[in-house]
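The following questions and answers examine how the parts of this model are arranged and how they meet.

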Amino acid sequence: MSLKLTLHTSPDVPLEAPCLNPDTLAGMTADIVAAQKVMHGNQAASVGDFFKVAGKANGTLELEGDLSRVKYIGAGMQSGILNVTGNVGQHLGAGMSGGDIRVDGDAGDWVAPEMRGGRVTITGNAGHLVGGAPRGSAIGMLGGEIIIHGNVRNETGHAMRNGLIAVGGTSGDFTGVNMLAGTIIVLGDMGNRSGAGMQRGSIVSMNPAEMLPTFTHACVYRPEFLRLLLLHIRSAGLPVNDDHIEGAYDRWCGDVVEVNRGEILLLNGA
Amino acid sequence: MSETAKENIKIVKHATCTFCGCVCDDMELTVDMDAHKITKAKNACVLGRAWFAEHVIEDRPAAMVDGKEVSIEEAVEEAAQTLVKARFPITYGLSDTTCEAQRQAVAITDIIHGTVDTTTSVCHGPSGLAFQGVGESTMTLGEVKNRADFIIYWGGNPAEAHPRHFTRYSVTPKGMFTPNGKKDRTVVLVDVRKTSTAPVADIVIRVKPGKDFELLWALRALVKGKKVADNIEAITGVSMDTLTDLVERMKNCRYGVFFFGMGLTMTRGRHFNSGALLALATDLNEFTHFVAKPVRGHGNVTGADNVVSWQTGYPFGVNFNLGYPRFNPGEFTTVDTLSRGDADAALIIASDPASNFPKAAIEHLHKIPVITLDTKETHTSKLAHVAFTTATYGINTGGTVYRMDDVPITLRPAFDSPFPTDEEILTAIRKRAHELMLAKSGLGAAGGGGTQKVAAPRKE
């Protein structure tokens, strides 16, 4: 039986709980898990003050309840499975390097900032700076996958260097801003200024998008890698249809104020 | 003349006006000491004259708890108890008080493990983010006066917001390398409409609303000699000819300056707008000397940035929940901590968020204990649990403020106020909060003297 934590008392102020990841809780009994330290605002508290703990850790951690005030869930995770039923707060999976996080609900801002590997799936919406860089850092996610079924807000993939972000819904402004490399796929609309300051990498959308004056149209083609990626995210449950897979794409190059090696691919004739 | 001789008149020379970020320090105030009024403010602009002339000593209690007058000591005790009890206390405001008071406010936040944020987060906070992300090519206004021959105002209206900016620093003054004043300078205004700054400008560029980033990005590309989209005029409302002319002028000037306002920082794109302008200034340094400076609003908002940076390492939106400073605008900025309902107590100094914050944030302010320090009754002080009335900085209290170019300036007060200063109240709260925190952690007694008890062994 996996370890299951059910929220019994909602925190009044933000709860910082980086210990809520399968690695940290590995091998612990319910009593020890309940004694783990969390920060309730500026005061130390324990997991048991907020969660009912059942089962024993075996690499899979189940969380249940509205955790939208709980920050840093799954932060630094290296392996194992973390399933959340309910919304989660900011900094989900911050700096994670492996393992699988699945949230049946919405996520706050900064989903998996500085992620290095593993996978995050959000069935609902996510906030700003998905897979981005924390303020003051020049590099965002370095690897892994983030799959968001709903919508995301601004600065998705800010300064990302590698990995994949796939969004089933729409994205806000500055998608892939200052991107160094990696891939962002948005099946819905993107906000404005996508790819501003990007050096390399690919941003893909199935809808027309407003392009910055520093991007130039290169060609219309059917990129082979994109079919593979689209089939992959379809298998992850995103609504990719055959037109997306078979279709041709407009390729825009930019950003000319940087090295001009990035690309934005927009489904032709959409 | 005979009339003035009868009155108890005091002249204060080299006084400082703390109304806006220009912090003009050449005021000559005529003070009627009997009436406690400033009757004349020589050298002041229209805003400064109003600032001095309309200053009156309020007829209010110095301290109130839940709307009832109490002694200052009782109010300090109540404020300290409230803050120490809180799990997520926030400190906000600070832009209209002295650096000495700001320093105490940061110390309180550190002691109570709270979150400190200033009004910067709702004005040039995005520029603060951009400085961190892009860097800043900077100067003092004295340099501008003496050297600058190409001035660009972007997204600001100094003719109305900073009336003496033109005459003291940027347009008309005669400087070391600008001996002919305005004749030696080219002034450009970039804005979405023809504001009252436009008559001062040699070139007025009207950008489509919300397209500043696109325009700046196109300028960056042109400065680097790269191609931009042919439909640039359709996108930004500015023709390619105007852009290429501007780029040539920028590259060929001797000393160029960008002054930018909230037209950049508080429109769609925010920190990326400021960042684009700062990056453009950096790019231009390949050809000539170019600098950029935000034109700051409140009298000592620049001081708030400086003091919070000096004490915590970050300019605003700093959290001490874990005992050390963490910076994250969006997570720890006041609009966000209030709108999300995170904060459970607020210490608000010289600011009125209840009059200008988003609805969700104001609603949350009504739910939590609020402590205010202000010179007048405000929407925030009306909802406050503890409200202090304090003396007005620059008029009734001395201290230090920072001009918008990070130059510290000393205040010369005109006359005394019956109210205590922000610094005095905050120092008292800090001392009491420190004692209470020590008592909470078992290191001192809550009855008083906790500070001394801990300090004494260290000296030995």
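Q: How many Å apart are the C-alpha centres of domain 1 of chain B and domain 2 of chain B?
A: In this predicted model, the domain assignment of chain B places domain 1 at 10–53, domain 2 at 63–122 + 299–449 and domain 3 at 125–294. The C-alpha centres of domain 1 of chain B and domain 2 of chain B are separated by 27 Å.

Q: Which element gives the most to the side of domain 1 of chain B that touches domain 2 of chain B?
A: The contact joins 17 residues of domain 1 of chain B to 14 residues of domain 2 of chain B. On the domain 1 side, β1 (9–15) and β2 (27–32) of chain B each supply at least two residues. By class, this side has eleven nonpolar, five polar and one charged residues. With three residues, the element that gives the most to it is β1(B).

Q: Which helix gives the most to the side of chain B that touches chain A?
A: The contact between the chains takes 24 residues from chain A and 30 residues from chain B. In chain B, α5 (125–134), α9 and α10 (232–236) each supply at least two residues of the touching side. That side has 14 nonpolar, six polar and ten charged residues by class. The helix that gives the most, with six residues, is α9(B).

Q: What term describes the orientation of α9(B) and α11(B) to each other?
A: Helix α9 (residues 212–223) and helix α11 (residues 240–252) of chain B pack with their axes 10 Å apart, at an angle of about 60°. Angles of 65 to 115 degrees count as roughly perpendicular and those under 35 degrees as roughly parallel. The two helices, α9(B) and α11(B), are therefore oblique.

Q: Is the crossing of α9(B) and α11(B) left-handed or right-handed?
A: At this crossing, B:Ala218, B:Leu219, B:Leu222 and B:Val223 in α9(B) meet B:Leu243, B:Thr244, B:Val247 and B:Lys251 in α11(B). By class, the contact of α9(B) with α11(B) has six nonpolar, one polar and one charged residues. The crossing of α9(B) and α11(B) is right-handed.

Q: What is the bridge partner of A:Ile101 in β10(A)?
A: Strand β8 (residues 81–85) and strand β9 (residues 100–104) of chain A pair in the parallel sense over five bridges, and A:Thr85 has A:Asp104 in β9(A) as its bridge partner. β9(A) also pairs in the parallel sense with strand β10 (residues 119–122) of chain A, over four bridges. In β10(A), the bridge partner of A:Ile101 is A:Val120.

How values were computed: Residues are numbered from 1 along each chain as its sequence is written. Chains are lettered from A and ligands numbered from 1 in the order in which they are written. This is a predicted model: local features need pLDDT of at least 70, side-chain atom pairs count only at pLDDT 80 or more; totals for chains, interfaces and linings use all residues. Axes are lines fitted to C-alpha atoms, for helices over the stretch in contact, and angles run from 0 to 180 degrees between N-to-C directions. Angles under 35 degrees count as roughly parallel, over 145 as roughly antiparallel, 65 to 115 as roughly perpendicular and the rest as oblique. A crossing is left-handed if the near helix is turned anticlockwise from the far one by less than a right angle, and right-handed if clockwise. Two residues are in contact if their C-beta atoms, placed from the backbone, lie within 7 Å. Ala, Val, Leu, Ile, Met, Phe, Trp, Tyr, Cys and Pro count as nonpolar, Asp, Glu, Lys and Arg as charged, and the others, Gly among them, as polar. Domain bounds come from an automatic or database domain assignment. Two strands pair if DSSP finds at least two bridges between them.
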